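Colleague: I'm new to this one. Could you pick a single spot and take me through it closely, then show me how it sits in the rest of the chain?

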Amino acid sequence: MKLEQTKIASYLNTKVSVLNRIEPFFQAPFHSHPELELVYVKESYGKRIIGNSVMPFAPGDMVFLGSDIPHVWLNDEKYYQGIEDLKANSIVVYFHKDIFGPTFYELKETQKINELFFKQEKEFQLSEKRISKLLKN
């Protein structure tokens, strides 16, 4: 699989972008970009490749990706057969890593966030249970 290097922020001309993607299947190629990305799968299933990790995904999955991590979401085969009832539905938030300003990343309290945002091969998955708990607080 060939990796495509992209820049989301320059394409969308913004520091933060929220997209509600509703497609017959997820169509983005295997790619990476400097922007941070938060993906919430509302409807769809298949497998995702993030760095060297291959994991299944299903509705309710939420994954945070740090900067420049190669990734792709691939739907199960039946999504590519044109079945009208099947949709790949996700909310994707892209944001520029400098959105918080340079002093944010220099704070002692944000060192763990800094590691999450900028370490290679790093993603963070939130389970549906954890998401529900966060939304209730």
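Predicted model: local features only at pLDDT ≥ 70, side-chain atom pairs only at ≥ 80, totals over all residues.

Numbering starts from 1 along each chain as its sequence is written, and side-chain values use heavy atoms, with hydrogens and water left out.

So where is Glu 37? Look in strand β4 (strands are DSSP runs of E, at least two residues, and helices are runs of H or I, at least four, numbered from the N terminus). Glu 37 is buried but has no salt bridge. Buried means under 20% relative accessible area, exposed over 50%, partly exposed in between, with a 1.4 Å probe and protein chains only. A salt bridge takes a side-chain nitrogen of Lys or Arg within 4 Å of a carboxyl oxygen of Asp or Glu. For Glu 37, the nearest side chain of opposite charge is Arg 21, 5.8 Å away (Lys and Arg count as positive, Asp and Glu as negative; His and the chain ends are not counted).

Who does Glu 37 touch, leaving out residues up to four places away in sequence? With contact meaning heavy atoms within 4.5 Å, the partners are Val 63, Phe 64, Leu 65, His 71, Val 92, Val 93 and Tyr 94.

Ser 44 isn't a glycine, yet its phi is positive, about 135°. Its relative accessible area is 2%, so Ser 44 is buried. Asp 68 is another non-glycine with a positive phi, about 60°, and you'll find Asp 68 in the loop between β7 (62–65) and β8 (71–75). Asp 68 counts as partly exposed because its relative accessibility is 30%.

Zooming out, the protein has 4 helices and 10 strands, in the order β-α-β-β-β-β-β-β-β-β-α-α-β-α. Buried residues are 36% of its 137 residues. Of the contacts with a separation of 6 or more, 72% come from residues 24 or more positions apart.
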